[in-house]
Amino acid sequence: MNEPYKTTVEDERAPVIEPGHTFGTVTEKISAIVLTRPASNGWFAGFGIAFMLTMMMLYAVGYLFLKGIGIWGSTIPIGWGFAIVNFVWWIGIGHAGTLISAILLLLRQSWRNSINRFAEAMTLFAVACAGIYPAIHVGRPWLAYWLFPYPNTMGVWPQFRSPLIWDVFAVSTYATTSALFWFIGLIPDLGTLRDRATHPAARLIYGALAMGWRGSARHWARYETAYLLLAGLATPLVLSVHTVVSFDFAIGIVPGWHTTIFPPYFVAGAIYSGFAMVLMLAIPIRKIYGLEDFITERHLQNSAKVMLATGLIVAYGYGIEAFMGWYSGDRYDAFTLWNRLHGPYAIAYAALLLCNIFIPQVLWIRKLRTSPVALFLISFVVLVGMWLERFIIVVVSLSRDFLTSSWGMYYPTRWDWMTYIGTIGMFLALMFLFLRLLPAISIFEMRTLLPEAEVKE
Amino acid sequence: MKRDPIYGIMAEFDSAQALVDAARHTHQAGYQKIDAYSPFPIEGLAEEIGFHHNRVPLVVLIGGIIGGLTGYLMQYWMAAVDYPINVGGKPLHSWPAFIVITFEMTILFSVLSAVFGMLALNGLPMPYHPVFNVPRFAMASKDRFFLIVFSSDPKYNPAGTRSFLEGLAPRSISEVPS
């Protein structure tokens, strides 16, 4: 009955894939980035810088191993400095990739097909960056495997009543699932690359990775079932991961941490920052590789809308935190709020409100939602804002707890900064490699979006 | 045992619609051992060639149950039996605290069984397969659609099957050496 209405709405939106494409052109265009187009000077420059930053991180981490945690700014009372701030920031960024690949698949949002592959890669690399921090923060990183329950000569087991051990399980399950989900999604496309590559080494490598995929109908049937089930499993998983990360704080009694709003507001914040990162990656990639036909205005708009919505949930979270500071009547909670507004880190809290709440409201304007440059800048602001949020939760809460005698200030050292900027470099270096070595857009899922893919009974 | 030198006869089609129609006709004509190849998943194609028992969900269910039990029993045994420590008088079998890891282990085992179960049921990885002997089959991962009747099919005979497939108006027909 509402067909005419539906059509007009569809017509107003930009298409998911520009008209005029066939199975052949889609295959050609996406696989050419990997197989035939030579790497540009820009790619080498970008990869070179990212690689050097990665080396800087390795240097900082190497020096940390040599000297110990003392080279960082984290000290009592602020024992969780940059390491935990950056861990939470990175793992949050990863969440958007899973949201796009799993949750939007279950919701049948087919526009996701052109951005899910690199969003999943982003997840994987962000989780890799996140995973570094807890491992190097344990003090004796070579003993980080003690986190896992393995039979040992000491005769002890981990403390399963601690949220920190929950986090070990949540994050390692998440890393495993993200990697497998990504790889399973790649198999048919690896088959395409195997069949199209001309260099014998490329044929061999892609052929080995494709594992003999031949597109049989029976294989597709099992593949689709497995893929759907993986999406169904990844959906509660991704929500659980940031929930468990928030438990690291919420289970503790520190004012500013001990609150029940944390799980939903952490998850929303994770998706918020993740979509910002998706946009910061998608906007240059579509421009440089001429993929505007596949990553259209519609994708930018939709991502901007998700950012706007999750940003408002985050704003609600801040509002409830402030409200509870007053309404609970707990003087420490009230002081936490006062301290955020007027304490030594007030400037960070003001910047947080500006970056996460006020500036992103411009996304209500349609013109800005469709402008790549504006979206790129707003996404950057959101990423800064979400980093500040974690800084305020971790550092500001610890700096002013119950007793004035245990108050202190946190000053990050150059080693903190080198490690943080270094992980950004590592993330970008992995992204650069991914773009050149694997299809950045899922070729087989793009084929299903074409009108010729439709079959009548 | 000597292998049949011919693995089957393969017909090539231009569109997904043509492949689905051809698969239906071939299956209705009484051919049992057939397969269809496409560059993307086509809904209903597997049913047309007589594939009805998809056991992936069962594998995942079993994996998930094993994972959940492993997660819970592991924590119970470690925290209450093998290494009982009294922390602030909390019960040793403090089950609410064990739920998170039980959940994560359920997901982990389900995911592993979905991935490796699907690959195992599909017989992957498979380093050699006769269909790749047909040079045009390289297009099966791009924009062409293929239907094969295996030589092991009871109804198969080289001339008859070939002329049957020709009746489906394919773009080309090739014999697949094994």
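The contact between the two chains takes 49 residues from chain A and 56 residues from chain B. Two residues are in contact here if their C-beta atoms, placed from the backbone, lie within 7 Å. Which elements give two or more residues to the side of chain A that touches chain B? They are α2, α6 (163-196), α8 (217-250) and α16 (443-449) of chain A. Helices are DSSP runs of H or I with at least four residues, strands are runs of E with at least two, and both are numbered from the N terminus. The most comes from α8(A), with 16 residues. By class, this side of chain A has 25 nonpolar, 15 polar and nine charged residues. Ala, Val, Leu, Ile, Met, Phe, Trp, Tyr, Cys and Pro count as nonpolar, Asp, Glu, Lys and Arg as charged, and the others, Gly among them, as polar.

A word on the model. It is a predicted one, where local features need pLDDT of at least 70 and side-chain atom pairs count only at pLDDT 80 or more, while totals for chains, interfaces and linings use all residues. Residues are numbered from 1 along each chain as its sequence is written, and chains are lettered from A and ligands numbered from 1 in the order in which they are written.

Now chain A. It has 16 helices and zero strands. Its radius of gyration is 23 Å, close to the 23 Å that the globule rule gives for 457 residues, so chain A is as compact as a globular protein of that length. That radius is taken over C-alpha atoms, and the rule is 2.2 Å times the number of residues to the power 0.38. The C-alpha atoms of chain A fill a box of roughly 75 × 60 × 45 Å along the principal axes. Of its 457 residues, 46% count as buried. Buried means that 20 or more other C-beta atoms lie within 10 Å of the residue's own, with C-beta atoms placed from the backbone.

Take one helix, α15 (residues 414-437) of chain A. Its 24 residues reach 34 Å from first C-alpha to last, close to the 34 Å expected, the expected span being 1.5 Å times one less than the number of residues. Among its buried residues are Trp415(A), Tyr420(A), Met426(A) and Phe427(A). What do the buried residues of α15(A) pack against? The partners are α2 (23-35), α3 (41-67), α4 (82-106), α5 (116-137) and α9 (262-288) of chain A.

Chain B has five helices and four strands, in the order β-α-β-α-α-α-β-α-β along the sequence. Its radius of gyration is 25 Å, well over the 16 Å that the globule rule gives for 178 residues, so chain B is more spread out than a compact globule. Its C-alpha trace spans about 80 × 40 × 30 Å along the principal axes. An automatic or database assignment divides chain B into domain 1 (6-54 + 130-177) and domain 2 (56-121). Their centres, over C-alpha atoms, are 44 Å apart.

Last, the largest nonpolar core, which has 179 residues. Such a core is a set of buried Ala, Val, Leu, Ile, Met, Phe, Trp, Tyr and Cys residues joined through C-beta atoms within 7 Å. Those touching the most other members are Ile91(A), Ala126(A), Val278(A), Phe146(B), Leu147(B) and Ile148(B). The element giving the most to this core is α8(A), with 18 residues. At least three residues come from each of domain 1 and domain 2 of chain B.

Definitions and conventions:
Buried ≥ 20, exposed ≤ 12 C-beta atoms within 10 Å, placed from the backbone.
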